[in-house]
Amino acid sequence: MTLEEIAAGIEVTAEQEARGVAAVDETGEALVERLRPHAGALPCTPEAAATVVETHAAGTSVGESAREAGIAPVTAAKALHRCGVSGVTPLSPMAREIVRDWQAGELARAEALELTGASEAEFALGSYIESHDADPALSAAVADVGSPTDDDPLADAVGDVDELF
């Protein structure tokens, strides 16, 4: 049997779905202007937050983004968290549970700090992240910037382990 015989009768009935990075900006305003009305929810100025979000979205580390904005790295991490960027916590999932237990009054701070194995700065940032949710208005304001912390962009290109068997 030749390939021509195998392919006989096969026809394309659907078009390929266009894949790409979606960029929707219905506001027409600069990022800093969209952040300005929500300045009270930010741990820094809207200008610094805009710089941090834009540079971090371009692939720059939190520390480099903070230097670019002229703020402390922990403040940059807080701003990213408040803007809905995930993955800025320095704590493991278990350490995050310990921090939540400490915040609920179930553990002493010294015990929680020891159990997490985190430094004072890591513990403080983790505590902030556990006690402050991402702000929906800030998340909406930065939605068009693009987030380097989205789910794996190649996830649909990699099959499941079950497909190998």
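Author: Happy to! Let's begin with what an axis is: a line fitted to C-alpha atoms, for a helix over the stretch in contact, with angles running from 0 to 180 degrees between N-to-C directions. Please keep in mind that this is a predicted model. Two packed helices are described by the angle between their axes and the distance between the axes.

Our part is helix α5, residues 73-82, and we can start with its partner α8, residues 120-131. The two axes cross at roughly 20 degrees and come within 10 Å. Angles under 35 degrees count as roughly parallel, so α5 is roughly parallel to α8. As for handedness, α5 passes α8 in a right-handed crossing.

Now find the residues that touch. From α5 come Val74, Ala77, Lys78, His81 and Arg82, and they meet Leu125, Tyr128 and Ile129 in α8. Sorted by class, this contact of α5 with α8 has 5 nonpolar, 1 polar and 2 charged residues. Look closely at Lys78 here: it lies over the face of Tyr128, 4.7 Å from the ring centre.

Helix α5 also packs with α4, at an angle of about 105 degrees and with the axes 8 Å apart. Angles of 65 to 115 degrees count as roughly perpendicular, so α4 is roughly perpendicular to α5. On the α4 side, the contact is made by Val62, Gly63 and Ala66, and on the α5 side by Pro73, Ala76, Ala77 and Leu80. These residues of the contact of α4 with α5 divide into 6 nonpolar, 1 polar and no charged. Notice that Ala77 takes part in the contact with α4 and also in the one with α8.

To finish, follow α4 (residues 62-69) to its packing with α3 (residues 46-57), where the angle is about 140 degrees and the axes are 8 Å apart. These two helices are therefore oblique to each other. Here α3 passes α4 in a right-handed crossing. Ala48, Thr51, Val52, Thr55 and His56 of α3 make this contact with Val62, Ser65, Glu68 and Ala69 of α4. By class, the residues of the contact of α3 with α4 are 4 nonpolar, 4 polar and 1 charged.

Methods: Residues numbered from 1 in each chain as written. Predicted model: local features only at pLDDT ≥ 70, side-chain atom pairs only at ≥ 80, totals over all residues. Heavy atoms only, no water. Helix = DSSP H or I, 4+ residues; strand = E, 2+ residues; numbered from the N terminus. Parallel < 35°, antiparallel > 145°, perpendicular 65-115°, else oblique. Left-handed = near helix turned anticlockwise from the far one by under 90°. Contact = heavy atoms within 4.5 Å. Nonpolar A, V, L, I, M, F, W, Y, C, P; charged D, E, K, R; others polar. Lys NZ or Arg CZ within 6 Å of the ring centre and 35° of its normal.
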